[in-house]
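Subject: Structure for your review

Dear colleague,

Please find below the structure that I am handing over to you. My notes on it follow.

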There are 2 protein chains.
Amino acid sequence: MKHLTVAALQLRFGADIEANRRHCAAAIEKAAGQGAELAVLPELHNTPYFCQTEETSRFDLAEPIPGPSTDLFGPLAQHLGITIVLSLFERRAPGLCHNTAVVIDRDGAIAGKYRKMHIPDDPGYYEKFYFTPGDLGFLPVKTAVGSLGVLVCWDQWFPEAARLMTLAGADLLIYPTAIGYDPREDPADRKNQLEAWLTIQRSHAVANGLPVVSVNRIGFEPHPTEKDYGIEFWGNSFVADAQGAFLGRAGDKEEEILLMTIDPARAEATRRIWPFLRDRRIDAYGDLLKRFRD
Amino acid sequence: MKHLTVAALQLRFGADIEANRRHCAAAIEKAAGQGAELAVLPELHNTPYFCQTEETSRFDLAEPIPGPSTDLFGPLAQHLGITIVLSLFERRAPGLCHNTAVVIDRDGAIAGKYRKMHIPDDPGYYEKFYFTPGDLGFLPVKTAVGSLGVLVCWDQWFPEAARLMTLAGADLLIYPTAIGYDPREDPADRKNQLEAWLTIQRSHAVANGLPVVSVNRIGFEPHPTEKDYGIEFWGNSFVADAQGAFLGRAGDKEEEILLMTIDPARAEATRRIWPFLRDRRIDAYGDLLKRFRD
């Protein structure tokens, strides 16, 4: 992997799927024009974040892979010569859907996919209703720009996921994300949540000696009913280097195309002086495979 | 565990072992006078950080457990009614030494010990020469003030260690530490190292929904020969809550007794809304037990 210019596309999305897809395509085209070799979209970018409620009608939003999105973004990737990380609501069979990241390489082909392994379920994020937990494991996707350790949103809280991608040779960790706060929450709580989210992802860079790219939605999406308020997606998309230092970080209000160049030599240099992979006590980690050690 | 007042004793140490022990005892007494129920000392507090070089004569610094340190701090703990985390150079047998944390409970008895599992070895930190990697695994020590997940320094870079302590029911993660920079290093590099160190430890709080106490040495310790410069221990001892937010943080220049009260209800509340232990994919973590997935 040579120097790599990554675009984190921090975007907002509305009710119209076709308009969302066009909006993504326009942002990718703009990023490519600015020199991006890899473009990462936020989680579930084709739709509003529909998991604020549990509605069977929302399964209509799911699509097969390959399907309409790969049909659109495949030729676009080839035309622009850019690698793209999509995040789709995958319809695999009736009653069997996943939250799936799809990597389109710059030749336009599907390089691979990752089905979100850790599925959240908390008020406003009812994902366990919609998404079957992934069954592809934690494997990076090999592309022309490197081996991409693509994980999705809730996965970011689990050091195990980042480690497994690292052990499988990932050059880069990537998190398409949809996270925000309830604007009625206490400002101190909101700050703590955001700070925790930045900290845990930057820590994956530190623990693994790998750069991290995290791309979040931006903007307020109202609750579909009057029963609740909605989510203010907090943006703050960022790129961190192999020691967890911010190379760049977007704001919490606006759409942004965050363009950053990653130097893979930094990962090599970091791991030489902080060789954590050398010292892991794999002989003593067996209980990581337990739910609890009781 | 009720509210718990913890004292992080950020101290400096010289060549005289007895003076170092008395210095620790005085700090513990002062902290107890201020209401501390748990006192944590920096790594290897009885001696200078002797791992800057590899010298067979330095094995003279090792002591048995129980031994002179537990003979001193046991009665002190009982007298003051305080739980103490010691960090000792343990002589187990000729040619078999460990870097061992010993927890003395407030009744004066040894509640348990932890032998450092991950051993570093990099210029100025030649620990693999002195310390046999621990063989007690990752188990918290049960005390009157809670179940203490005591780890030591280099362990802090390994999310696996923090997770295993959490899964075994730790109420608190504790890191006695000796880390610093070469004052000749580039200031930006020093800042990145410190920031990475804070980030990875705070991330263990986030990932596990547990408070973290990290206690570092302070001050400059010259290299024992003229061949190198020495280490400027960077202090920055801190206490973070179960979401990784700083409750308190010491500076990088002076000795400090950092007193903080931890509210265990915060861990409970954090884990209810961020229930990461619920969602771990233990069915898919098997390769964490491999050196590399090649």
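**The sheet of chain B**

Six strands of chain B form an open sheet with mixed pairing, in the order β6-β7-β8-β10-β13-β14. Strands β6 (141-143) and β14 (246-249) of chain B are its edges, each pairing on one side only. From one strand to the next the twist averages 20°. Helix α5 (residues 187-208) of chain B packs on this sheet, touching β8, β10, β13 (238-240) and β14 of chain B, and its direction makes about 150° with that of β10(B).

The model is a predicted one, in which local features need pLDDT of at least 70 and side-chain atom pairs count only at pLDDT 80 or more, whereas totals for chains, interfaces and linings use all residues. Residues are numbered from 1 along each chain as its sequence is written, chains are lettered from A and ligands numbered from 1 in the order in which they are written, and side-chain values use heavy atoms, with hydrogens and water left out.

The terms are used as follows. Helices (H or I, at least four residues) and strands (E, at least two) are DSSP runs, numbered from the N terminus; two strands pair if DSSP finds at least two bridges between them. Contact means heavy atoms within 4.5 Å. Axes are lines fitted to C-alpha atoms, for helices over the stretch in contact, and angles run from 0 to 180 degrees between N-to-C directions.

**Strand β10 and its partners**

Strand β8 (residues 172-177) of chain B runs parallel to strand β10 (residues 212-216) of chain B, and 5 bridges join them. B:I174 stands opposite B:V213, and B:P176 has B:V215 as its bridge partner. The pairing of β10(B) with β13(B) is antiparallel, over 3 bridges; here B:V212 is partnered by B:A240.

β10(B) is largely enclosed by the rest of the structure, because 5 of its 5 residues are buried (under 20% relative accessible area, with a 1.4 Å probe and protein chains only). B:V212, B:S214 and B:N216 point one way from the strand, while B:V213 and B:V215 point the other way.

In strand β7 (residues 146-150) of chain B lies B:G146, which is buried at a relative accessible area of 12%. Its C-alpha is 7.8 Å from that of B:A170, 24 residues away in sequence.

**Helices of chain B**

Helix α1 (residues 17-33) and helix α2 (residues 68-80) of chain B pack at an angle of about 15°, with axes 11 Å apart. α1(B) is therefore roughly parallel to α2(B) (angles under 35 degrees). The contact involves B:R21, B:C24, B:A25, B:I28, B:E29 and B:A32 of α1(B), and B:P68, B:S69, B:L72, B:F73, B:L76 and B:L80 of α2(B).

Helix α4 (residues 159-167) of chain B is mostly covered, with 9 of its 9 residues buried. B:G169, which follows α4(B), has a positive phi near 90°.

**A residue of chain A**

A:H98 lies in strand β4 (residues 96-104) of chain A and counts as buried at 1% relative accessibility. Its C-alpha is separated by 8.7 Å from that of A:A62, 36 residues apart along the chain. Beyond its neighbours within four places in sequence, A:H98 is in contact with residues including A:L88, A:F89, A:R115, A:F131 and A:D135.

Yours sincerely

Note on methods. Parallel < 35°, antiparallel > 145°, perpendicular 65-115°, else oblique. Buried < 20%, exposed > 50% of the residue type's maximum accessible area, 1.4 Å probe, protein only.
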